[in-house]
Each structure stands twice: as structure tokens, then as C-alpha cells.
Amino acid sequence: MTPLDLHSERFARTGNIAGEGFRRLLGRPALGLLQTVVREALQNSIDAAPEGNAVEILLRFRTLDGGTLQTLRERVFNVLPPDEADPASEADGGTNLRRLLAGDRVSVLEIADFNTSGLAGPTRADVAAGDDPLDFVNFLRNVGAARDTHQGGGTYGYGKTSLYALSRVSTILADTWTTCDGKPVRRVMGCHLGDAFEADLDGKRRRFTGRHWWGRDDGEGGVDPVEGDDAIELAKALGLPERAGGRTGTTIAIIAPHLDPEEDLLRAELVETVLLNFWPRMCEFTPAARRVVVRLEVEGRWIEIPPPEAYPPLDLYARALRNVHGSGVGEVRTVRSARPAADLGRLSIVRGLRAPRHVLALKNGNPILGQAHSIALMRPVELVVRYLPGEAFPDKRFEWAGVFICSDDAEIEKAFASAEPPAHDDWSPDMLPKGRTKTFVNVALRELKEVAATYVRPRAALGDAEERGPSVARTATRLGKLLSGISGRGPGRNVSAGGAGNRKAISISAARFVGLEHVGGRRIAHFEADLTNDGSRPGLVLRASPHLVLDGGSTSSADLPDEMAVALLDLSLAGRTVGAEGLRIEDAQGRVSCRVTVPDEAAVGIVFGFGEGDGA
């Protein structure tokens with residue numbers, strides 16, 4: 001196979017966009033560069049999947065050397081832009097292709113998708129496409145084409161600048177198995193994004209945009225991608241992901257990426273980036289037709305990406321998403337606009353104990369993976385736009401997570417899509433013209449910010465004399481008192497079951513902690529209380545309800561993982577011992593005792609109360 005031909009784009013008489021201007025289109029994403037690249041690439045892959053197709057994606061980092069590197073030098077980049085077109089950018093950690101290829105090793109980050117339509121359609125931007133899509137020219141030729149995918153990622157093409165930005169030499173390779181005019185075709189092309197420059201051409205000084213492509217000379221002053229058997233052979237020689245059996249899709253190879261070569265940090269960053277942005281499409285309950293399956297390989301080693309349910313705090317976000325879907329058990333709230341009247345979307349928040357983090361979640365110190373206190377914002381495509389932070393629980397053992405999905409009504413979904421900047425990492429209503437669409441986004445964000453700010457401490461309680469949330473004085477005990485053996489009797493009132501005229505005829509005191517024992521590997525706390533009973537209501541049933549204690553309140557078993565659940569073992573009075581069903585008081589009074597299981601590194605409390613029922 002002969003080496004590829006180089007085409008450097010000249011400025012047209014009517015003007016072009018210069019390479020440096022092209023790079024600025026990305027703007028200043030709120031996310032890191034790798035996270036932006038992975039978000040954009042996977043978003044494009046999801047948009048390119050035919051309806052009903054689960055998307056499979058491979059992220060692979062590897063080092064080229066030996067014969068593979070020789071193929072890259074001699075068959076792809078055999079001809080390079082002139083020196084004035086490719087200055088070394090050492091100031092920002094960059095280099096140039098000449099210097100890079102002179103070394104003995106070159107790293108690449110490959111992002112490959114399967115079961116997608118690939119980069120379909122014509123390869124020239126000036127050719128009428130008819131019914132064919134324009135994916136190839138929109139990705140490799142054009143700048144900023146409007147989205148043409150229902151509920152897709154927004155303006156197609158701007159985010160591709162992040163691919164060049166991640167490369168230290170602003171260079172990528174594209175390998176796609178796709179269709180054109182209804183026929184299958186394999187294509188390979190190289191692209192480089194430099195700065196505008198001047199150089200001699202045909203005896204004259206010419207201006208060039210800084211955009212370059214490697215392919216096959218088209219005989220009209222440009223290049224087309226390598227196609228057919230030559231493309232298959234070149235992809236194989238470079239070791240690009242195989243597409244046996246005609247597995248359609250696209251591979252983007254980013255040459256010399258700005259990535260930390262330390263393997264543990266790299267794999268942690270890749271896993272974190274994938275999960276934080278795409279977990280809604282990776283849950284165990286995600287329908288097969290919407291599922292995104294991501295595989296990760298670093299220097300020949302396969303890295304497991306755990307399901308979101310096994311990667312706290314994403315387990316809480318996943319529970320909130322189930323609620324929004326209507327398949328969970330938690331509360332769901334509709335966020336509404338009054339003028340104009342519209343349902344803007346659905347919100348659910350779940351709270352729970354802070355579960356131990358996966359080892360990979362501890363590598364980079366991402367605050368989203370710390371104590372959760374944010375709402376994940378999404379459109380109906382269910383890819384995370386960003387996390388809207390709120391107030392965290394004062395007790396760091398507890399956390400909350402929310403999910404908001406805007407309405408799939410065409411007008412409302414389009415409003416939120418239009419509010420996204422090129423990197424799709426925010427909703428910015430200031431980008432929208434005054435009118436209904438701007439109002440929709442403004443109202444939703446205002447309501448969501450209010451909920452996030454007041455979830456831990458409701459606004460009605462702000463500024464009063466009590467502490468945040470339910471007063472600590474109302475809890476039965478605290479962890480320090482539980483472990484020290486000091487009485488944990490609280491200052492609350494006795495619980496009474498009497499009428500208006502005999503309020504203290506039947507009552508029970510606040511619980512007090514007696515001691516802690518270890519039985520069969522479990523910690524068990526003992527509590528006591530004093531029952532006053534005049535015998536006027538022998539059918540009343542005394543019950544004990546245990547709970548975990550946190551700063552400012554308590555949490556029910558419904559909010560907790562299994563390993564943190566608390567359970568009542570027994571309840572005793574006057575020689576009678578029963579379980580959770582409760583105990584009929586009859587005419588007994590005196591000391592009530594109970595035993596409760598205590599999870600590790602936690603505190604428990606007990607609440608006594610009376611009710612009707614069978615009891616024992």
C-alpha cells in the first residue's frame with residue numbers, strides 16, 4: 001500500500017475559519033479536558049446508534065512502538081506539513097509531529113463505538129447528499145453543523161475540537177465502517193489542526209488555514225479518505241480495533257494525548273469520567289435497547305467498570321432515577337412553570353448512609369464522589385449535563401442525591417438543549433432570547449436551586465432558634481454516649497397514651513442507654529425506659545422503633561443499605577419478652593427493656609410508642 005497523501009487547506013477567496021479559531025469554538029468547558037472528550041465522543045456514539053440498538057464502546061490507551069509505529073510514520077504521516085505550519089508548542093506541553101515521530105514510542109487513546117451507523121454519507125462537503133446523512137463531512141470537514149438527531153447532544157461538531165485539544169500534536173485518525181448510497185464502505189483518514197500560516201505554492205506565496213488531512217489525492221486539489229481493502233489493511237497494520245463481521249461504527253485515535261502515564265491514575269480517571277457522565281444509561285435496570293456498554297483497556301490490561309449500583313454514591317442517584325422512571329418507591333415531584341403554564345420536568349431525591357467508596361473513586365478526589373449533596377441534571381436522552389450542588393448533611397456519614405429530567409415535550413426539551421453551551425456541560429438561560437424558552441429554563445433552575453439549598457434544612461426552619469433539621473435534643477442518644485456507657489436519656493417529654501384529663505395515667509419515659517455487648521460478631525445495644533400504667537387501657541400495645549442517629553435527626557431503614565440496617569431483637573416488660581410485633585401492656589408497669597443491633601461505626605436510638613393491634 002502506498003503512503004497517504006497530505007492536503008493542507010488554503011484560504012478561499014471568500015475566507016475560511018483559521019485553525020486557531022476552530023480550536024476556540026470549544027470555549028471554556030467547566031469539565032476537565034479528558035472528561036469533555038469522553039462526554040463528547042460517547043454522546044456522538046449514542047446519537048449515531050439506530051433506534052433500538054444498544055451501544056458498545058471501547059476506550060483503549062496503548063503505546064505504539066516497533067512495526068506499528070513504523071507503519072504510522074511511513075504509511076500515514078509520511079508527508080508532513082511544512083515547518084512554518086507546525087511549530088512546537090512547548091509552553092503548553094505540546095510538541096510537533098516531526099519531533100513526536102522521531103521518538104521510539106507514541107501513545108494513543110482510542111474511542112471506538114460499535115452497533116452505530118458510523119460516519120456515513122459523502123466525503124466531500126460540496127456534494128449534494130440527497131437522503132444520505134452528512135456525518136462524515138460534518139465530523140471531518142465542516143464546522144458547527146446543527147444537530148439532526150432527535151433529543152441529541154446539541155450542535156454537532158463543535159465538541160470535536162476537544163479531540164484535537166487532547167492531542168499534544170492536535171492530530172487524530174478516524175477509522176469508520178459505514179454506508180454511502182446504501183452500500184457498506186470502510187474509510188480511514190488522518191486530520192491535523194494547526195495554526196494559520198504562509199508558504200510557497202506553485203511559485204507564489206499562499207495563506208493556509210492550518211487544517212490538514214491525510215488520505216488519497218482526489219485529482220482536484222484535495223484528498224478523500226482511504227477506502228475499501230486499503231482501509232481495512234491500514235487499520236489492521238496500525239492495530240486499530242477489529243470490526244470482524246462488518247461491525248459498523250467509528251474509531252477515533254487521538255495521537256499523543258495529554259494524559260498522566262501513571263496507569264492507576266489513568267484508569268481511575270477513565271472509569272470516573274465514564275460513570276459520572278453516563279451512569280443513567282449503564283444501570284442494571286436500564287432497558288437493553290438504551291443501554292451503553294463501555295469497555296476499558298489500558299496498555300493491554302482490561303479494567304472493570306463497575307455498575308453504578310456498586311459505585312457509591314451513584315447507587316443513590318440510580319435509586320432517584322428509578323423513582324423518576326416510576327419504577328421506584330420514593331417520592332417524585334413535578335417542577336412547574338406558572339406563566340407560561342407548563343410541566344418542566346420531574347425530580348426525585350434519595351437520602352441514605354454514606355456507603356464505602358470503590359477503590360477507584362478514591363484516586364482523584366473528585367468532590368462528586370465524596371459526600372453526595374447534588375442533583376444530576378438531564379434531558380430525556382438521560383446523559384448527565386451537570387451536577388447542581390446543594391447543602392450537605394452536617395453529619396458526613398449521611399448523604400443525599402437527586403435526579404431531574406426535563407420534560408420530553410418538544411418545546412421544553414428544545415429549550416433545555418438550546419441552553420447548553422458547545423461542551424453540553426451546563427444549562428445557561430442567558431444564551432437564550434427573551435421569551436418562553438428562556439422562562440422555562442430559568443424557572444426550572446430557580447426551583448432546583450431552592451430545593452438543593454433547603455433539602456437538609458427546610459426554608460421554614462431558617463433563622464429560628466432550633467438547630468438545623470430535627471433538633472438533636474429529640475434524639476434518644478448520640479454515638480459518643482452510646483459507646484461510653486453514659487446515660488443517653490434525652491430531654492424530651494414522656495410519651496403518653498392517656499386522655500385529656502389523665503395525660504400521665506399511661507406513659508413511658510424517654511429511652512436511656514444501658515450498655516453495649518458483642519454477641520456472635522454483632523454489636524447489640526441495651527435500652528431501658530419506665531412505664532407508668534393505671535390499667536385503664538389493657539389492650540394498648542407498646543412498641544419500640546429503632547433508628548440510626550445522625551446530626552440533626554435520624555434515618556429509617558428504607559434509606560439504608562443492608563449492611564447498615566438496624567433491628568429490634570426483643571422487647572421485655574414484667575417477665576414477658578416479645579419481638580417487633582409489640583407487647584400488650586395489660587396492667588403491667590415498671591421497667592421496660594429492649595435490645596437493638598448496632599452497625600459498625602454508627603449510633604442507634606430507640607423510640608417507644610403506643611398503638612392498637614394484636615401485640616403479644
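Trainee: At what N to O distance do the side chains of Asp570 and Arg595 meet in a salt bridge?

Mentor: The model is predicted, so local features need pLDDT of at least 70 and side-chain atom pairs count only at pLDDT 80 or more, whereas totals for chains, interfaces and linings use all residues. Residues are numbered from 1 along each chain as its sequence is written, and side-chain values use heavy atoms, with hydrogens and water left out. A salt bridge is a side-chain nitrogen of Lys or Arg within 4 Å of a carboxyl oxygen of Asp or Glu. For Asp570 and Arg595, the N to O distance is 2.8 Å.

Trainee: How many residues apart in sequence are the parts that Asp570 and Arg595 tie together?

Mentor: Strands are DSSP runs of E of at least two residues, and helices are runs of H or I of at least four, numbered from the N terminus. Asp570 belongs to strand β24 (residues 568-573) and Arg595 to strand β27 (residues 590-598), so the parts tied together are apart in sequence by 25 residues.

Trainee: Is Asp570 buried or exposed?

Mentor: Buried means under 20% relative accessible area, exposed over 50%, and partly exposed in between (1.4 Å probe, protein chains only). Arg595, at 26%, is partly exposed. Asp570 has 13% relative accessibility and therefore counts as buried.

Trainee: Where does Arg379, the salt-bridge partner of Glu413, lie?

Mentor: The side chains of Glu413 and Arg379 meet at 2.5 Å, N to O. Glu413 is buried at 4% relative accessibility, and Arg379 is buried at 3%. Glu413 is in helix α10 (residues 410-418), while Arg379 is in the loop between β15 (373-378) and β16 (384-389).

Trainee: How many residues apart are Arg333 and Glu447?

Mentor: Their side chains form a salt bridge of 3.3 Å, N to O. Arg333 is in strand β13 (residues 333-337) and Glu447 in helix α11 (residues 436-454), so the pair links distant parts of the chain. Arg333 is partly exposed at 35%, as is Glu447 at 24%. The separation between Arg333 and Glu447 is 114 residues.

Trainee: How many salt bridges does the structure hold?

Mentor: Side chains of opposite charge can pair when their charged atoms come close. The structure holds a total of 30 salt bridges.
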